[in-house]
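User: Could you walk me through this model? I have a few quick things to ask as we go.

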Amino acid sequence: MNAFLPAVIDLVHKAGDVILPFWQGDLDVQSKADESPVTAADLAAHRVLADGLRALAPDVPVLSEEDCNIPFEQRAQWTRWWLVDPLDGTKEFISGSDEFTVNVALIEHGRVVFGVVGIPASGRCYYGGAGLGAWCEDRGDEPEAIEVRTEPDDVFTVVASKRHSSPQQEKLLAGLAQRFGNLNLASIGSSLKFCLLAEGSADCYPRLAPTSQWDTAAAQGVLEGAGGEVLDVRGEPFTYEARESLLNESFLALPKAAPWRADLIQLARALD
């Protein structure tokens with residue numbers, strides 16, 4: 001287990017604790033430059049995580065959704081950094097849903113070392129990384145190891161965003177339906193989509209619509225620890241090298257050993 005991981009799990013719980021007093025209450029919702037919403041809960045969680053991570057590892061920079069105006073020239077010099085979404089699923093949070101998460105990933109040379117995804121409303125936490133394994137832990141209980149499933153149960157389950165789709169994604173779903181028959185679409189908010197795959201509750205999460213780096217990195221770590229992978233639509237590993245834009249390309253999240261892996265990649269390449 002990475003030496004930083006226990007402390008980061010604790011920080012994620014602390015960030016969740018400062019979010020909860022705002023949940024299902026009267027919120028002052030502001031709009032950022034990209035028209036995405038931000039609340040006092042986002043900012044409070046950001047402060048907990050940014051201060052805690054800098055105290056934990058003063059030499060490791062922090063890139064957070066709520067403090068992301070760091071010039072590319074500066075970020076391009078980093079070899080290791082924290083990638084943080086203090087409150088993923090802000091729209092769900094504002095609506096009163098419990099499908100919001102706290103996300104922290106450690107990145108080295110563009111690859112996820114480990115990720116931690118906390119669910120403040122339930123106290124549950126997912127964490128893991130490639131070569132480390134993956135676990136689900138309810139606060140106060142012993143962690144349970146989790147892993148992906150490589151074959152569907154009764155029906156092929158595709159995780160979908162509640163709020164975002166695209167014509168390309170609809171075409172990909174149609175291709176999957178031709179391959180597997182009727183699909184079960186599991187619609188859920190925030191980074192929990194990856195966690196469904198990681199715990200073996202779903203089979204595939206294609207995302208052919210925009211996301212930001214902080215939306216995906218922590219949960220990608222959990223999925224990779226559970227035996228999954230995240231690929232771009234060409235079938236190459238999905239990475240986080242410093243780029244001018246902090247937006248992600250389209251991606252496919254799936255079990256690494258799935259026998260239908262090549263079929264999914266072929267479907268996605270046809271849309272590229």
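The chat below goes through annotated sites, packing, aromatic pairs and cysteines.

Analyst: Happy to, with the caveat that this is a predicted model.

User: Where does UniProt place the "binding site" feature?

Analyst: The UniProt record, an unreviewed entry, places a "binding site" feature at E65, D85, L87, D88 and D215. These positions span 151 residues in sequence, yet no two of their C-alpha atoms are more than 9.5 Å apart, so they gather at one spot. The unreviewed entry also places a "binding site" feature at D85, D88 and D215, and these three are spread over 131 residues of sequence while their largest C-alpha distance is 6.7 Å.

User: Ok, E65 then. Buried or exposed?

Analyst: E65 is buried, with a relative accessible area of 16%, and the cut-off for that label is under 20%. E65 sits in the loop between β3 (62–64) and α3 (72–75), and, leaving aside neighbours within four places in sequence, E65 is in contact with K32, V84, D85, P86 and W214.

User: And what does D85 touch?

Analyst: Leaving aside neighbours within four places in sequence, D85 is in contact with E65, T101, V102, N103, W214 and D215, which include two of the annotated positions, E65 and D215. D85 belongs to strand β4 and is buried, with a relative accessible area of 1%.

User: What about D88 and D215, where are they?

Analyst: D88 is in strand β4, whereas D215 is in helix α7. D88 is buried at a relative accessible area of 8%, and, not counting residues up to four places away in sequence, D88 touches E99, F100, T101, N103, S190, S191 and D215. With the same exclusion, D215 touches D85, D88 and S191, and the D215 side chain also reaches the backbone nitrogen of S212 at 2.7 Å.

User: N103 keeps coming up. Which side chain does it make a polar contact with?

Analyst: The side chain of N103 makes a polar contact with the side chain of S191, at 2.7 Å. N103 lies in strand β5 and is buried, with a relative accessible area of 1%. Not counting residues up to four places away in sequence, N103 touches L83, V84, D85, D88, V116, V117, S191, W214 and A218, a list that includes the annotated D85 and D88.

User: Switching to packing: how many residues are in the largest nonpolar core?

Analyst: The largest nonpolar core has 39 residues, and those with the most contacts inside it are I107, Y126, I146, F194 and L223. At least two residues of this core come from each of β4 (80–88), β5 (101–108), β6 (111–119), β8 (133–138), α6 (192–198), α7 (213–225) and β14 (251–255). Apart from this core lies another, of 28 residues, among them I9, V12, V60 and V102.

User: Pick I146. What is it packed against?

Analyst: Leaving aside neighbours within four places in sequence, I146 is in contact with Y126, A134, W135, C136, A198, E199, V222 and A226. One of those partners, Y126, is also listed among the residues with the most contacts inside the core.

User: How many aromatic pairs are there?

Analyst: The structure holds 14 aromatic pairs. In one of them, the rings of W82 and F114 have their centres 6.2 Å apart and their planes at 65°, so the pair is edge-to-face. W82 is in strand β4 and F114 in strand β6, 32 residues apart, and the pair links distant parts of the chain. Both W82 and F114 are buried. F180 and W260 also form an edge-to-face pair, with 5.9 Å centre to centre and 90° between the planes. F180 lies in helix α5 (residues 167–180) and W260 in the loop between β14 and α8 (261–269), so this pair ties together parts that are 80 residues apart in sequence.

User: Which residues make up the aromatic cluster?

Analyst: F194, Y205, F238, Y240 and F251 form one aromatic cluster, and F194 is also among the residues with the most contacts inside the largest core.

User: Last one: how many disulfides?

Analyst: The count comes to zero disulfides. Taking C204 as an example, its sulfur is 16 Å from the closest cysteine sulfur, in C195, which is too far for a bond, and C204 is buried, with a relative accessible area of 0%.

Methods:
Residues numbered from 1 in each chain as written. Predicted model: local features only at pLDDT ≥ 70, side-chain atom pairs only at ≥ 80, totals over all residues. Heavy atoms only, no water. Core = buried A, V, L, I, M, F, W, Y, C linked by side-chain atoms within 4.5 Å. Buried < 20%, exposed > 50% of the residue type's maximum accessible area, 1.4 Å probe, protein only. Helix = DSSP H or I, 4+ residues; strand = E, 2+ residues; numbered from the N terminus. Contact = heavy atoms within 4.5 Å. UniProt positions renumbered as here; feature names shortened; annotations may be inferred. Polar contact = N/O pair within 3.5 Å; in protein donor to acceptor, adjacent residues only side chain to side chain. Disulfide = S-S within 2.5 Å. Phe/Tyr/Trp six-rings, centres within 6.5 Å; stacked < 30°, edge-to-face > 60°.
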